[in-house]
Amino acid sequence: MGVLPSPLAGSLLVAAAWLVVAVAGLIPAGNAAFARRFAFPLGAAAGVALAALGLQAVWLPAQTLTLPLGLPDLPFHVRMDPLAGFFLMLLGSVSAGISVYAAGYFREEPSGRLTLISMQYHVFLASMAFVLLADDAYLFMVAWETMALSSYFLVITDHQRPAIRSAGFLYLLIAHLGAIAILLCFGVLHGGRGDYTFDALRAAQLQPAWASVAFLLAFFGFGAKAGMIPLHAWLPEAHPAAPSPVSALMSGIMIKTAIYGMVRVTFDLIGGTSGNIRWEWGMAVLVVGAGTTLFGVLYALVQHDLKRLLAYHSVENIGIILLGLGMAMVFIGFGHPAAGALGLIAALYHTLNHAVFKGLLFLGAGSILHSTGMRNLNDMGGLIRGMPKTAFYFLIGALAISALPPLNGFVSEWLTFQAALQATVLQHGVVRSLLPLFAATLALAGALTAMCFVKVYGIAFLGRAREPAHRSPLPHAGDAGPMERYGMAWLAAGCFVLGLFPTSFLLMLNRVGVSLTGHGLSEDALLGSGWLWLVPTAMGQASYSPVIFFVVIVAVTLLAFLLVRRFYHGRLRFSDPWDCGYPEQTSRMQDTADAFGQPIRHVFGPIYRTDRRLPGPEDTEPRYSLKVEDRHWYWLYLPVARAAEIVSSKIALLQQGRISIYLLYSFITLIALLVFVR
Amino acid sequence: MSSAPGIAFQILQSVFVVLAAPLLVGWVNQCRAWLQNRSAPSILLPYYTLAKLFNKDAVFAHDASPIFRWTPYILFGCMWLAAGIVPVLATGLPFAPAADIIALVGVFALARMFSALAAMDIGTSFGGLGARREMLIGFLAEPAMLMTLFTAAFMSGSTQLTTIVDTLAHREFALYPSLAFAAVAFLMVLLAENARIPIDNPTTHLELTMVHEALILEYSARHLALIEWAVAIKLFAYMTIGIALFAPWGIADAGDWSALPYAFAALAGKLALAGAGLALIETLLAKLRLFLAPEFLSTAFLLAVLGMLTHFLVKG
């Protein structure tokens, strides 16, 4: 093991350290300063260490270890391979930024609550690390459930409010529906033989039909956690309910563990190098992914609660990741592993990118909430003046999520497009012409995202406060504190690094792809053209150089600036806005978030369920109210809830309250068992 | 991949586009005036306007933020960059591999995002309205543009504009159905993205239906000049993309100085025709109601997708 711990042992140490921090925070009871000054910064340091270990593990062969924990005869197995290493790096690096931010964010929290939050927060982090390290179904499920429970308690931090309790319940319910499906999936993979280590599951030779059943169960189960349509309903409820750093953790990292699970089960346990993956699965994933992408962004566009809006964008981005994964499955299913590797790499890269920029955006939303107490965009405006630094970081996040070059969101969407453009290698005519349609979906979603973030940024940070100064806290809003800013700066730097130097990350992801499917992109193409160039296949086919792009765009912008400065006078006057000379303008005449979404509601009317209240002609203080609801509630969730109620009321008939009847039930059961089982 | 003549060509082309772009706008305006039986302004009028604007005193609203201040330069920079990517005079330029068609669409999206943000910065009612409409048009035009470019990418097996143009320029002349669909879609996108009739009216001002003008309402003097210039470069870039995709004959190879005069002449001829055509379209059509714009653009999107499917069906 040498002086430095091996990545596996080191990661276990980090996870243990998180657990120690969680428990240690409880001991000096009532001492909030400990949680703020030590617990969160220590958690962040552990995160950085984990990121380094994960990065190292990608380049090493897989390691396994059996822990002397668990039930007798059923010990915990852990394993570190490139896939786990990549996700641990994601977990460590993103959580480091969020933990630093949390140290500043919770500064006004009462001490009793803060110690509890710190405990749940670090247990949550440790459980995610164990999910990624688990090498048997038993430890995986234990960690998975710990993750669900600890995050549930974090979501209901403000449990005094009924709305938050019901959001928490919805989250718990869907998480458990998913967990049941995952459990069943492991059961199917196991097939009644051997034990539940992942090695045994990998070795099991499944019938194609059973493999499909296992895949569908995993897709459903992990999809519920990831937030794919129509199982997404908990995201827009739970993310706004949780404190902002927790929202950032859940949206940035936790839903990515579901992507990890999907990749692990599909590409490793079922698929492996044996080629069990069927292209039909890929088409199913693509269809669901396309639906998720479009629904997510269209619903995001009509939200006015900032955190709900961001939650719907998480739904959208999960859809984009699913598009990449689906393409990978289609290509692998048809026997084109190299093209498949491109899809897989695009999906994993988007997973990392989304974790970074969505974490950043949720932290920015948290800072706004912190300094103004507001989540409703309709009340905001002009925040860039009070909080310029937060505005700067938020702008980076907004440009990154809108997939604009040269930031990171663009790179992964670029790769997904490139994967779709590989469709020409396919022989199957229908599939070959369908793949570009999914690329079209992605293009549409990307442009809609840009629209949505113009709305968010323009309404929250630009313009003027929409309410008069005596009624609005906005003019007094201060900027985020230093710790909050360091956290955001860390993630904003991540947006740049991932956007400007994609080739080094691609090499890493290529290792992950090779370790899973046995095939990857050609390293010659990746390496041969140098670190400046991103060349997934061949130079003549597709290339992109973010650094050159960035340098040129900065250079020409500066050149334009300097030329104008050099040759023209710099005379500048300040006056009132012109606005076509309209004399009686007030700040309430600006667009609100609902107004900005109006064209979208007009164009895509049928998919929304809207309830709109217009002011009457005599109103002296006209107010406009709009409620847009998710149609899924009405065609899926409420009918299911009603059916469950009816079924349970029928079952309740069994409950008579008389002991003789219950004895009769036991008697009948006994007879039935004797007859049928023997 | 980069050589001294290549770099010389690259710089020459970028400067040429920036300088020639207002001329194209002047030509379109002149043609439109002739078609509408008006006496035409000088073809150099856009230059005079730019010179006038550069010499005026700039006015900012009191609460303008740095975004408002920097957007004109960013817009100009984005369009200048786009002018460097598009093979206007020659293919195989050294900068071309750094940004392919997806990145090109990304540059236009970046410019659009900043112009919409700047419009919302002052907090006026027209600014927000313009930003909202601009993004409405953009979210439909951008995917249609990508699909058009993908059709060409599928035909040439590459997303690099320079390779695409090389492939398309050296095929024998024939009518490819997929390219025909793509060309119609591209024309529709060009009209929408450059704020032309029937989506927007470039001559309108102070009208409730305006889109592009509402975005830049608060700008004046040198900032307005930069934006107007950027808009001219954008029109030029879009037209040359169209020429490069659908009529690439006559384009030179980078470093081949002898082919340059011919490439110049071919480009000038094609641009003159395209400009006159644009003026004709603007004279013949009327502006659409704003809520017909999504229909117009979704038609473009569907045509582009259809073109792509046609390519897979008939391989051509």
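Me: Happy to start with the strands: how many bridges join strand S3 (residues 572–575) of chain A to S1(B), and what makes them a pair?
Reply: Keep in mind that this is a predicted model. Four bridges join S3 of chain A to S1(B), and the two run parallel.

Me: Which parts of chain B build the side that touches chain A?
Reply: The contact takes 69 residues from chain B and 66 residues from chain A. On the chain B side, the elements that each supply at least two residues are strand S1 (58–61) and helices H3 (66–85), H4 (101–121), H5 (125–156), H9 (221–246) and H11 (293–314). H5(B) gives the most, with 17 residues. By type, this side of chain B has 47 nonpolar, 14 polar and eight charged residues.

Me: Why is Ala169(B) called partly exposed?
Reply: Ala169(B) has 16 other C-beta atoms within 10 Å. Buried would take 20 or more and exposed 12 or fewer, so 16 falls in between and the label is partly exposed. This residue is found in helix H6 (residues 161–169) of chain B. Leaving aside neighbours within four places in sequence, Ala169(B) is in contact with Pro248(B), Trp249(B) and Ile251(B). Its C-alpha atom is also separated by 8.8 Å from that of Phe246(B), 77 residues apart along the chain.

Me: How do you know that the length of helix H1 (residues 4–35) of chain B agrees with its residue count?
Reply: At 1.5 Å a residue, its 32 residues should span 46 Å, and the end C-alpha atoms are 45 Å apart, so the two agree. H1(B) does bend by about 35° at Ala20(B), with the proline Pro22(B) following within four residues. Just after H1(B), Asn37(B) takes a positive phi of about 60°.

Me: What makes helix H11 (residues 279–301) of chain A mostly covered?
Reply: In H11(A), 17 of the 23 residues are buried. Its span from first C-alpha to last is 33 Å, close to the expected 33 Å.

Me: Which residues have the most contacts inside the largest nonpolar core?
Reply: That core has 369 residues, and those with the most contacts inside it are Ala129(A), Met79(B), Ala82(B), Ala144(B) and Ile233(B). Not counting residues up to four places away in sequence, Ile233(B) touches Val17(B), Val18(B), Ala21(B), Met79(B), Trp80(B) and Ala83(B).

Definitions and conventions:
Residues are numbered from 1 along each chain as its sequence is written. Chains are lettered from A and ligands numbered from 1 in the order in which they are written. This is a predicted model: local features need pLDDT of at least 70, side-chain atom pairs count only at pLDDT 80 or more; totals for chains, interfaces and linings use all residues. Two residues are in contact if their C-beta atoms, placed from the backbone, lie within 7 Å. Ala, Val, Leu, Ile, Met, Phe, Trp, Tyr, Cys and Pro count as nonpolar, Asp, Glu, Lys and Arg as charged, and the others, Gly among them, as polar. Two strands pair if DSSP finds at least two bridges between them. A nonpolar core is a set of buried Ala, Val, Leu, Ile, Met, Phe, Trp, Tyr and Cys residues joined through C-beta atoms within 7 Å. The expected span of a helix is 1.5 Å times one less than its number of residues. The bend at a residue is the angle between axes fitted to the seven residues ending there and the seven starting there.
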